[in-house]
Each structure stands twice: as structure tokens, then as C-alpha cells.
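Take the sequence and the model below together.

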Amino acid sequence: MTDILASLLIMAGLFFFMAGSIGLLRFPDLYSRLHALTKADNLGLGLLIIGLALHLRDPLIALKLLLIWLAVLAAGATSAHLIARHARRREKHV
Amino acid sequence: MHTSHAQHHDDETISLPHYFFIYAVLFLFWLLLVGNLRLQEMAAGALVALAVTLAAGPHLSIFSGLRLEAAAPFHLLRYFGYFWAALIRANLDVARRVLSPSLPIRPALVEVRTELKSNLGRLMLANSITLTPGTLSVDLRGDHILVHWIDCPPGTDLEAATREIAAGFEQHLRGFLK
């Protein structure tokens with residue numbers, strides 16, 4: 001039963017990863033593309049991690065997975081900010 | 001960037017309680033990674049955490065933005081609750097825009113003013129804005145955050161709308177960050 005739930009959560013996570021990737025292809029400019037990448041992938045990874053934690057049933061591993069997710073959130077937001085800031089400053093100098 | 005930050009560096013000195021806090025967090029992190037409570041692991045963790053705190057301490061001045069108060073953990077939890085709800089809304093929102101055939105976006109750049117004083121507080125606010133519905137932090141200068149807004153309806157009251165972008169987070173962040 002939990003394995004079915006875990007699989008469903010992982011598949012839901014994959015859906016959001018797919019949405020993020022489609023956004024990268026469909027959105028017209030750099031900033032909008034960053035929106036797709038910083039948001040959809042985070043919930044995708046979050047669902048994936050909840051699914052994995054349910055599947056492995058080990059609270060210690062679940063905590064480590066949660067830390068990985070928080071680290072990815074921080075890294076994703078920070079790198080998106082750096083890319084956007086660089087693009088913005090270059091636009092102003094042109 | 002550097003000039004606007006310089007004016008805050010005066011109050012960005014790290015205090016002894018902050019060192020203890022960093023030490024405790026590192027020690028707990030070590031325990032999490034080894035995954036047991038044997039005495040030799042705890043002793044090794046205590047030593048490693050001390051070495052890391054002393055080596056990295058002078059470069060960790062950003063953590064002086066933390067409020068070390070009894071109510072802070074409570075505010076942190078409230079912030080997490082608010083943040084996760086916003087994160088889920090953000091994801092559903094962006095997935096909907098990506099997958100709808102008409103690609104409904106009306107991008108605009110807006111400015112948000114923050115009342116948080118510390119660099120850590122502003123950093124957390126900027127990153128929270130990035131991870132929530134329809135907004136992306138582009139630049140941070142002093143107390144102004146430049147925000148890319150993916151769906152700005154024409155004729156909105158920009159002043160009120162930008163207040164709304166930051167206000168929810170700011171209210172919770174203020175409980176545990178300066």
C-alpha cells in the first residue's frame with residue numbers, strides 16, 4: 001500500500017519536472033524561463049523525496065533527504081538570482 | 001552592490017552566542033550524518049564542530065542577522081508553514097501557465113522595499129520571493145529588491161501589489177531575523 005502511494009508521489013514529482021522542462025522550451029525570455037526552472041523543479045524534487053522516504057521507511061534517511069531538498073532549494077533560488085542579476089546588468093550596459 | 005552593503009557592515013559583527021549557535025547546529029549536523037549516538041562519534045563530532053566553527057567563524061558574519069530569542073523557533077516554524085503553502089501554489093501556477101496553449105504571461109519588473117535590516121534577512125526574503133508564485137528576485141540593492149513578475153495585469157496598483165509580494169514573508173521572517 002505504501003509502495004503504491006510512494007510510486008504515485010514519485011510520478012507526480014516527475015510531472016512537475018516535465019512541466020519545468022516544457023516551460024524552459026516554451027517561455028519566450030530568460031526571466032520567464034527561470035520562473036519555470038526555479039518553481040516546478042522544486043515541488044517535483046519535494047514529491048520525489050517524500051515518495052522515496054515512504055519507500056525506504058527509515059527516519060534517518062528521510063531527514064537526510066529533507067536536508068538535500070532544502071540545499072537544492074537554496075542553491076536553485078541563489079543561482080536563479082545570480083543569472084537574472086547578470087542578465088539585468090548586461091541589459092543596462094548595452 | 002558592494003557600496004550599498006558597506007553601510008550595514010558596522011552591525012554585522014558576530015557575537016559569542018551566535019558562535020555557540022553555529023557550533024550546536026554543526027554538531028547536530030554531524031550526528032545526523034553518522035546516524036548513531038555512540039560516545040566516540042559524539043566526541044569526534046564535538047571536536048570537528050569546534051574546528052569548523054573556529055576556522056569558518058570570521059567568514060560567517062552573515063549569521064549575525066539571526067535573532068537568538070526564545071520565540072524565534074516558533075516563528076521559524078510558522079515561516080516554513082507559510083513558505084510551503086506558497087511553494088505548492090507557485091508550482092501549480094507555473095505548471096498551469098506552461099501547459100496552457102495560450103501561454104498566459106504578462107511579464108513586468110517591479111521594485112519591492114524591505115524593512116529587514118540584516119543581509120541574512122534580505123537574502124532569505126529575496127530567495128523566498130523567487131520560490132513563490134509568479135515572482136523572481138532579479139537584483140538586491142540596499143533595501144530594494146527588483147522583482148520580475150510573470151503576470152502583471154495592466155492597470156494594477158503597483159504600490160499595493162508589491163507590498164503584498166513581500167508582506168507575508170516579511171511578517172514571519174521578522175520573528176527570527178533582523
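Which side chain meets that of B:R174 in a salt bridge? The partner is B:E170, at 3.5 Å from N to O. A salt bridge here is a side-chain nitrogen of Lys or Arg within 4 Å of a carboxyl oxygen of Asp or Glu. B:R174 is partly exposed, with a relative accessible area of 37%. B:E170 counts as buried because its relative accessibility is 0%. The classes are buried (under 20% relative accessible area), exposed (over 50%) and partly exposed (in between), with a 1.4 Å probe and protein chains only.

Some ground rules apply throughout. This is a predicted model, in which local features need pLDDT of at least 70, side-chain atom pairs count only at pLDDT 80 or more, and totals for chains, interfaces and linings use all residues. Residues are numbered from 1 along each chain as its sequence is written, chains are lettered from A and ligands numbered from 1 in the order in which they are written, and side-chain values use heavy atoms, with hydrogens and water left out.

Leaving aside neighbours within four places in sequence, B:T114 is in contact with B:R122, B:L125, B:D143 and B:E170. Contact means heavy atoms within 4.5 Å. B:T114 sits in the loop between β1 and α5 of chain B. Helices (H or I, at least four residues) and strands (E, at least two) are DSSP runs, numbered from the N terminus. With a relative accessible area of 1%, B:T114 is buried. A polar atom of the B:T114 side chain lies 3.0 Å from the backbone nitrogen of B:L116.

The side chain of B:D143 meets that of B:R113 at 3.2 Å, N to O. This pair links distant parts of the chain, 30 residues apart: B:D143 is in the loop between β2 and β3 of chain B, and B:R113 is in strand β1 (residues 108-113) of chain B. Both ends are partly exposed: B:D143 has 23% relative accessibility, and B:R113 has a relative accessible area of 42%.

Now turn to helix α4 of chain B. Here the side chains of B:R97 and B:D93 form a salt bridge of 3.2 Å, N to O. Why are these two separated by about one helical turn? They are four residues apart in the helix. Both B:R97 and B:D93 are buried.

Next comes the interface. In all, 40 residues of chain B are in contact with 37 residues of chain A. The area buried between the two chains is about 3200 Å², and carbon and sulfur atoms give 73% of it. Buried area is the accessible area (1.4 Å probe) that two parts lose on being put together, summed over both. How many salt bridges does the rule find across this interface? It finds one. That bridge pairs the side chains of A:R89 and B:D139 at 3.0 Å, N to O. On the chain B side, the elements that give two or more residues are α2 (16-34), α4 (72-99), α5 (119-130), β2 (135-141) and β3 (144-149). The largest share, 13 residues, comes from α4(B). Over all chains, a search of the whole structure finds eight salt bridges.

Strand β2 of chain B also holds B:L140. Is B:L140 buried or exposed? At 9% relative accessibility, B:L140 counts as buried. The C-alpha atoms of B:L140 and B:E111 are separated by 9.7 Å, and the two residues are 29 apart along the chain.

Finally, look at the surface of chain A. A:M1, A:I4, A:L8 and A:M11 form a nonpolar patch there, with about 490 Å² of accessible area together. Patches are made of residues with over 30% relative accessible area and no salt bridge; like charges are joined within 9 Å, and nonpolar side chains (Val, Leu, Ile, Met, Phe, Trp, Tyr) within 5 Å. Accessible areas come from the Shrake-Rupley method with a 1.4 Å probe; for residues, only the protein chains shown count as cover. A:M11 lies in helix α1 (residues 2-26) of chain A, and counts as exposed at 52% relative accessibility.

A:R57 is exposed as well, at 57% relative accessibility. A:R57 belongs to the loop between α2 (30-56) and α3 (59-93) of chain A. Phi of A:R57 is near 50°, a positive value in a residue other than glycine.

How values were computed: A polar contact is a pair of N or O atoms within 3.5 Å; within protein, one must be able to donate a hydrogen and the other to accept it, and residues adjacent in sequence count only if both atoms are side-chain atoms.
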